[in-house]
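Here is my notebook from a browse through one model and its ligand site.

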Amino acid sequence: MNQFISVHDINNIDALVQLALQYKVQPFKDKELGANKRIGCLFLNPSMRTRLSTQIAAENLGMEVIVFNVGQEGWMLEFEEGAVMNGSTVEHVKDAAPVLGKYFDILAIRTFPGLKDREEDYSDVYIKQFIKHSGIPVVSLESATLHPLQSLADIVTIMENLQNSPLPEGIKPKIVLTWAPHIKPLPQCVANSFAQWINAWGQANLTITHPEGYQLDEQFTNGAEINYNQDEALKNADFIYVKNWSSYNEYGKILTDDPSWMLTNSKLKNTNYAKVLHCLPVRRNIELSDEVLDGTNSLITQQAGNRVWAAQAVLSEILNPHPLKGS
Ligand code: CP
């Protein structure tokens, strides 16, 4: 694997999930794989889970890790081709990325979208410029449109729960991705990515529910059922993924903050005792109620814990001279 920015970089999701689950049992089994290798984790935006889980994952593989908060500590980067740099940007990515390519064996980058210009955000120009100019493998720690390490951890978590409580033979789990209210306009990345991965995985029936106006980009949701009625969508759900996102069509806007979309215990009654996921951080009692987050249906801590094993599986595939069959 030469890069990890979307599900399209993976041929065999199941094999990668199984590798992640192996690392969960034996974190140090490939301690030699990353010996004398260095990963640079660049953050143009804040993070807790992605930053720490990727660092732990790399260290479990024996790598040296350098974290650089570019957004706070680095020179402000320019990404526009042909830019006349007479404003606030100090260094062009065309100059910075090749230098980073000399310092590191793998580059991992987090960049959020501006949520102002959809075309620019959805071109994922920031991460693509690092891929183009660094000359080394690049891992997305969340880009303007996708969050693939999160999605892999989500499937690992769903798989673990299915292994512990199997459904009848031949029955696919029903997974519902539900929009939730929020006070700030958030990117569509997590929802896009989750839909993309579940559709590519092919081992679940995906329903997406949201108020009208919150349709996601069809390139990610194709294959999922869309239902604007949350109560109907939640019926018989086995897993519910809760996430806010701002409008894709009226780009970056909040169209409603209707609190009736917040998941509560009473909404779980018509489900198949659904397990609840959220990528975190979560705004309690806005996005998700205390009673659900603190209840027995919640998988949020297990899910965040699995970020380590997902990251470790991906990094090991990049480092491994004998990668997984089909990857
Ligand atoms: N879920 C997630 O990406 O968390 P952080 O923003 O804390 O990394």
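Predicted model: local features only at pLDDT ≥ 70, side-chain atom pairs only at ≥ 80, totals over all residues.

Residues are numbered from 1 along each chain as its sequence is written, and side-chain values use heavy atoms, with hydrogens and water left out.

**Entry 1: backbone**

I looked up Pro281 and found it in the loop between strand S12 (275-277) and helix H12 (290-293). Leu115 sits in another loop, between strand S6 (106-110) and helix H5 (118-122). I noted a positive phi of about 60 degrees for Leu115, although it is not a glycine. I flagged both entries because most residues other than glycine have a negative phi, and most peptide bonds are trans.

**Entry 2: the ligand**

Which residues surround the ligand? I listed Ser47, Met48, Arg49, Thr50, Arg110, His147, Gln150, Cys279, Leu280 and Arg307, counting a residue as near if one of its heavy atoms lies within 4 Å of the molecule. By class that shell has three nonpolar, four polar and three charged residues. Here Ala, Val, Leu, Ile, Met, Phe, Trp, Tyr, Cys and Pro are nonpolar, Asp, Glu, Lys and Arg charged, and the others, Gly among them, polar.

Next I checked polar contacts (pairs of N or O atoms within 3.5 Å). A polar side-chain atom of Thr50 is 2.7 Å from a ligand oxygen. A ligand nitrogen lies 3.0 Å from a side-chain N or O atom of Gln150, and a ligand nitrogen is 2.8 Å from a polar backbone atom of Leu280. On its own the ligand has 250 Å² of accessible area (Shrake-Rupley, 1.4 Å probe), and the protein covers 93% of it.

**Entry 3: the largest pocket**

I took a pocket as an open set of points on a 1 Å grid over the protein atoms alone, where a 1.4 Å probe fits, with protein on both sides within 12 Å along at least five of seven lines; lining residues have an atom within 4 Å of a point. The ligand takes up the space of the largest pocket, by the rule that more than half of its atoms lie within 2 Å of the grid points. Of the 24 lining residues, Arg110, Phe112, Glu142, Leu280 and Pro281 lie nearest the centre. Helix H2 (49-60) and helix H8 (189-201) are the elements giving two or more residues to this lining.

Definitions and conventions: Polar contact = N/O pair within 3.5 Å; in protein donor to acceptor, adjacent residues only side chain to side chain. Helix = DSSP H or I, 4+ residues; strand = E, 2+ residues; numbered from the N terminus.
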